Amino acid sequence: MSFCVFCGKDLRKGGDFVQSRDGLLLCKTCVDTAEDIFRRKNARDKTSLVKEGGKGTIDLKKLVKDYSPKRIFDALSDYVVGQETAKKVISLAVYNHYKILSLIDSTDVEFEKSNILLIGPTGSGKTLLARTLSKILRVPFAIGDCTSYTEAGYVGDDVENVLLSLLIDANYEVEDCQKGIVYLDEIDKKAKTSNNVSISRDVSGEGVQQSFLKLIEGTVANVPLTAGRKNPMSQQVVKIDTRHVLFICGGAFVGLEKIIERRLRKDSAIGFNADPLPKDQADFSLFHHVDTGDLLQFGFIPEFIGRLPIKVALDGLKRADFLRILREPKNSIVRQFTKLCEMDGCELSFTDDGLERVVDVAMERKTGARGLRDVFERILRHDMFLLREEGTKGLRVDRAYVERQLDLLESQRVAEKKDEMKAA
């Protein structure tokens, strides 16, 4: 048989085709057509899930009744160690946001949305704060990685793609999606690449800031139900109003502390501050003194900064914070690994000096709280791999144990390096 079973084309005249085990043939044109049919069907199925014009499942009045700024703060404290000032500011801001939403249909007072800018070093808890907020309040949540965004029409992701993630988290319920929280991570990477006028477009810096303006302030966005830019005319889209979506932007803002320090030193020189800041205090604590001018100098346009009226600085983590992070939160790393070992019949225990040594290693890596999990994974990897086979009933992690595992890992690294050199 030399004909396409779908369209009857004589494949002896040429053309690509696929063949089944039974010898049936299908030409490339029909394969492409079938793929397009399934893609359109998938888009229609998603569209059928979208409930436009409904009231949604989120009861704003009940949400505001059940939570107060203090209750939100306490719930955040179960997961986020330290950052007391940041948690208070965010708790009040989020409570006021949803209180305003609950009043919209019953008052003639016009409110403006107060989006939030989080500034803090890597691993200080910015993403954790935003994610925990949505978990506490049970509202849809989405994270957008700003490093991949470019201005519309250029290679990269469109800024509207984060709304698709929010819609999916809302189970395609548009009304709920429009009451959700969007966290834009690493927003500092979208600062203008230069303050100088250039003939070339800054499509991944200022261009993205421009694209975010209407989205953050509030607009009706056409969100494609399939991500990407292939065949945009054939994509199914859903309209999402972002006027009531709370946007939280976060970033490490490396170098911003130097801009703030220079301003404070200049102000102190003309009498605004009697005690000039010592040179060795140019650290992350200066983020608490940030103002709009500092962010403009860092590379943000005034319109973008104006749409983020609440600016919250997070502190860098100290040694005591790392130790608390290991022990206190409901999702602490110690509890997680203890439970994992318990499932294999092993009792995992930690001594104070063992945890202190773990903290030392994590702080050396300068990746914040994220470094703690990396250290745990490395030092426990060998023994956890063999827990069930060896029937280990108890594992005690003290300083000596951590040192042994670190030495073992270093020996393995050196051996692998030698093997690579021999192979080369």
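1. First, the ground rules. This is a predicted model, in which local features need pLDDT of at least 70 and side-chain atom pairs count only at pLDDT 80 or more, while totals for chains, interfaces and linings use all residues. Residues are numbered from 1 along each chain as its sequence is written, and side-chain values use heavy atoms, with hydrogens and water left out.

2. Start with helix α3 (residues 69–77) and helix α4 (residues 84–103), whose axes come within 8 Å and cross at roughly 135 degrees. Helices here are DSSP runs (H or I, at least four residues), numbered from the N terminus. Axes are lines fitted to C-alpha atoms over the stretch in contact, with angles from 0 to 180 degrees between N-to-C directions. The angle makes α3 oblique to α4 (under 35 degrees is roughly parallel, over 145 roughly antiparallel, 65 to 115 roughly perpendicular, and the rest oblique). The crossing of these two, α3 and α4, is right-handed (the near helix is turned clockwise from the far one by less than a right angle).

3. Who touches whom there? From α3 come Pro69, Ile72, Phe73, Leu76 and Ser77, and from α4 come Glu84, Lys87, Lys88, Ser91, Leu92 and Tyr95; contact means heavy atoms within 4.5 Å. By class, that contact of α3 with α4 has 6 nonpolar, 2 polar and 3 charged residues (Ala, Val, Leu, Ile, Met, Phe, Trp, Tyr, Cys and Pro are nonpolar, Asp, Glu, Lys and Arg charged, and the others, Gly among them, polar).

4. Helix α3 also packs on α5: their axes come within 10 Å and cross at roughly 120 degrees, so α3 and α5 are oblique to each other. This crossing of α3 and α5 is right-handed. Ile72, Ala75 and Leu76 of α3 meet Leu129, Thr132, Leu133, Ile136 and Leu137 of α5, a set with 7 nonpolar, 1 polar and no charged residues.

5. Now the largest pocket, which holds about 750 Å³ of space. (On a 1 Å grid over the protein atoms alone, a pocket is an open set of points where a 1.4 Å probe fits, with protein on both sides within 12 Å along at least five of seven lines; lining residues have an atom within 4 Å of a point. The volume is the space filled by probe spheres set on the points, which are joined across faces, edges and corners.) Of its 30 lining residues, Gly123, Gly125, Leu128, Ala369 and Arg370 are closest to the centre. Helices α5 (126–137), α13 (333–342) and α15 (370–385) each give two or more residues to the lining, and α5 gives the most, with 6.

6. Lastly, helix α14 (residues 352–365) packs on α15 at about 120 degrees, with the axes 9 Å apart. That makes α14 oblique to α15, and their crossing is right-handed.
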